[in-house]
Amino acid sequence: MPQSVFKLESLLETHEQPFMVISADLHVLAVNQAWEAAFGIARETQIGKPCCEQQGVCRHQRLFQTLEPYSGIFEAEGRGKDKKLLNVRGYPLLDADGRLYLGESQSLLHKKSDEIHQAGMVGKSESFLILKTKLQQAAGIQAPVLLLGETGTGKELAAEFVHRHSQHAQGEFVIADCTVFGDDLFESELFGHEKGAFTGAASSKKGLFELADNGTLFLDEIGELPVSQQAKLLRALESGQFRRVGGTTTLRANVRVLCATHRNLADMVRQGRFREDLFYRLSVFPIDIPPLRDRKQDIPLLVDHFLKQFGQLKGQHLTISREGLIKLIQHGWPGNIRELKNCLHLASGLCGGGIIQPADIHFMRMIGEQAESLASGSADVPPVHLENAENMTPLEQYEASFIGSLIRKYQGNRKLIAAEMNISERTLYRKLNRLNLN
Ligand SMILES: Nc1ncnc2c1ncn2[C@@H]1O[C@H](COP(=O)(O)OP(=O)(O)OP(=O)(O)O)[C@@H](O)[C@H]1O
């Protein structure tokens, strides 16, 4: 791996989903722990391998030709050639020397009952206990459930909880990430297609409804579904029937549908961006998931929970100092539990002797005004402003946040920052320019 590229490999580790970096000669350069865990494959056996086994032009090669980010559902092999379907997003990445790489974020599209988090949801605050009661009620009925909450509050975990406690628990938990469905993908991904239905449909394929038969279909980020596709979903939900694209047979699947969004769907209905009939159909049982800033009593419990997880991975007992915990409790957590988890992941890598101190705690900056107005209680740690954040890939945003936190820690002293990152000052200088952090 070129020295200048992934000195910041630990950044990959703050990416919660499986993440892979591919070189322009179409070989795997790096994967993170989440990738190893999802596929049951050690990184040593994957790094240096060709990105795809298949013949012909693959999605990675296409990105290097067009430089266009892509998203969609793809198949990959886990341990023992076990096939897995993935929600995938690929982006071009540039290193400090202008070399081009491909970063691919991958999340498992369906989980068998034994792959679903058994660790469960942690919390004991009043609002958490009310939430858990509502989720238990939701599990006991068949009505559609709409999970509402800010990013990172635990909507997916809550959906898994409902599935695990419902009569569909023995079936699969299929996750449909609506942000990856453009107008062209939605119908064939949800309902499947027959061979030859469109260019590229070389064989017939089951859709997510069929895969979720007798299980649960979780439509994540339902607010992102294009209006043009909403009527098709409504029809399938109302009739319980659908047809594969290019097919003539009407199919039926016994599926429990759960949805989630961080958007205000009622507002979207008023603005004509979400169909009213679909809104009423989906939100029979709406459940609000409270943000972490409104249930700070849960922070110590969550901290113990995550430190136990990271400690097991590192083979080290991890704890946090009283001052460290106070710093966490004072923060506003715009990114909610996901932000807390990432923050502790980084801190557990930076701390010496297994005890996290305030200096090891760096708050990631979220993008947008919401984060600006929500972040509170961290007066000693001024926020890092990411110029041009909307033009950055998620990895670049992490990288910029991480370097920004070091700039604050060392008051801009480049020698110390470069030393902590284990890179030369020259490379640091190029990174600062590229990320607009000068
Ligand atoms: N109560 C909880 N106990 C333990 N871990 C939690 C809890 N809630 C959330 N998490 C963890 O926080 C992370 C974010 O949760 P999740 O992905 O479910 O959030 P989300 O609301 O679906 O996020 P997004 O809106 O971005 O999709 C996950 O790693 C999840 O396991």
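**Helix 12 and helix 13**

I began with helix 12 and helix 13, which are oblique to each other (angles under 35 degrees count as roughly parallel, over 145 as roughly antiparallel, 65 to 115 as roughly perpendicular, and the rest as oblique). Their axes come within 10 Å and cross at roughly 120 degrees; axes here are lines fitted to C-alpha atoms over the stretch in contact, with angles from 0 to 180 degrees between N-to-C directions. Helices are DSSP runs (H or I, at least four residues), numbered from the N terminus. I found I299, P300 and V303 of helix 12 touching L325, L328 and I329 of helix 13, where contact means C-beta atoms, placed from the backbone, within 7 Å. By class, this contact has six nonpolar, no polar and no charged residues (Ala, Val, Leu, Ile, Met, Phe, Trp, Tyr, Cys and Pro are nonpolar, Asp, Glu, Lys and Arg charged, the others, Gly among them, polar).

**A note on the model**

I kept in mind that this is a predicted model, where local features need pLDDT of at least 70, side-chain atom pairs count only at pLDDT 80 or more, and totals for chains, interfaces and linings use all residues. Residues are numbered from 1 along each chain as its sequence is written.

**Helix 12 and helix 14**

Next I looked at helix 14, which packs with helix 12 at about 45 degrees, the axes 10 Å apart. Among the residues in this contact are F306 and F310 of helix 12 and L340 and L344 of helix 14.

**The ligand**

Last, I counted 19 residues around the ligand, M121, V122, G154, K155 and E156 being the closest (near means a C-beta atom, placed from the backbone, within 6 Å). Domain 2 (113–288) and domain 3 (295–434) both give residues to this shell, so the ligand lies between them; the domain bounds come from an automatic or database assignment.

Conventions
Helices (H or I, at least four residues) and strands (E, at least two) are DSSP runs, numbered from the N terminus. Two residues are in contact if their C-beta atoms, placed from the backbone, lie within 7 Å.
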